[in-house]
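This briefing goes through selected local features of one model, grouped by topic. Please look at the sequence and structure first.

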Amino acid sequence: MTIEWVLIPVTLIVLTIATYTDLKTREVPDWLNYGFLFAVFGIRAIFSLENGWSVLLAGILGFALCFILACLFYYTKQWGGGDSKLLMGMGAALGISYPLINESFTLLWFFLAVLFIGSFWGLIWMIFKAYPQRKACKNLALKYCAGHKTLHFSLALLTVLFIIPIVYFPLLWPLLLFPLGLFYLFVFITSVEKTSFIHAIPLSKATEGDWLVEDVHHLGKCILTAKTLEKEDLIKLKHLAISTIVIKEGVPFTPSFLASYMLILLGKDAFTLILSAFFT
């Protein structure tokens, strides 16, 4: 029996549970993430007794790389703590074998797939969330465009100029998406976040990992600046009897982990084929 026969079902089960909890509660529980990490390293340690310590080393290298990436995404407020910890677990599960072979880059393909699929998934989720508040979202977007007329016109002109090289080099058609397309995307995301993702909630419903978007004041003093809430922050706020806080709801990102892992299982060339379909 190879280690993949054990790691693959364990990983699929964890990602399925994580996807369900993320969609339902907007968080991935710590018990699942830590349990995943312990299970992966335990499995690798057992198989290393028979197949050599390179099996365990691969998990350590994958975990170390994803630990750095997870910290980067977490402290720049791109991901919550649950997603970041799950990425560490995926790093340990997929691993980076040494010396480097083709399979050593599986983790890289997975990460690229997460970013690629996650972008589309995030856009779809934001459209779904924006629909009930579509009028407010539209008005805010128009207001933003009206307030940046010069930038809007300049980007539109630049996009038109891109048509010239595309006439001679058709493969450059993605240039039409830039930069005006990025401007509209930014306006859309900003409008949706402000109308559909930012909420004032009772402190009793706040959880570790929520994104605090407004400073919390008590008796005229700022007691907590905007940040990702940690356990100590919640205890402090409860001790001071703070009743309401303003948070930004995040996109449940875990489904993109599951989709990306399944894509990797279908074949290491699947992601390349998808990219080729868009840009050839």
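S84 sits in helix α4, which spans residues 81-94; helices (H or I, at least four residues) and strands (E, at least two) are DSSP runs, numbered from the N terminus. This is a predicted model, in which local features need pLDDT of at least 70 and side-chain atom pairs count only at pLDDT 80 or more, while totals for chains, interfaces and linings use all residues. Residues are numbered from 1 along each chain as its sequence is written, and side-chain values use heavy atoms, with hydrogens and water left out.

**Surroundings of S84**
- S84 counts as buried because its relative accessibility is 3%; buried means under 20% relative accessible area, exposed over 50%, and partly exposed in between (1.4 Å probe, protein chains only).
- Leaving aside residues up to four places away in sequence, S84 touches A70, Y74 and W79, where contact means heavy atoms within 4.5 Å.

**Nonpolar surface patch**
- F153, L157, L158, V160, L161, I163, I164, V167, Y168, F169, L172 and L176 make up a nonpolar patch on the surface, with about 1,200 Å² of accessible area together.
- Two or more patch residues come from each of α7 (149-161) and α8 (163-168), and α7 gives the largest share, five residues.
- V160 is placed in helix α7.
- Like charges are joined within 9 Å and nonpolar side chains (Val, Leu, Ile, Met, Phe, Trp, Tyr) within 5 Å.
- Accessible areas come from the Shrake-Rupley method with a 1.4 Å probe; for residues, only the protein chains shown count as cover.

**Sheet**
- Three strands in the order β1-β5-β2 form an open sheet with antiparallel pairing; two strands pair if DSSP finds at least two bridges between them.
- The edge strands, β1 (198-202) and β2 (211-212), each pair on one side only.
- β2 and β5 (residues 244-248) run antiparallel and are joined by two bridges.
- L212 stands opposite I247 in β5.

**Backbone geometry**
- The Y98 to P99 peptide bond is cis, with omega near 5°, and P99 lies in the loop between α4 and α5 (106-130).
- R26, not a glycine, has a positive phi of about 65°; R26 is in the loop between α1 (4-25) and α2 (30-51) and counts as partly exposed at 33% relative accessibility.
- L219, also not a glycine, has a positive phi of about 55°; L219 is in the loop between β3 (216-218) and β4 (221-224) and is exposed, with a relative accessible area of 77%.

Key:
Patches are made of residues with over 30% relative accessible area and no salt bridge: like charges are joined within 9 Å, nonpolar side chains (Val, Leu, Ile, Met, Phe, Trp, Tyr) within 5 Å. A salt bridge is a side-chain nitrogen of Lys or Arg within 4 Å of a carboxyl oxygen of Asp or Glu.
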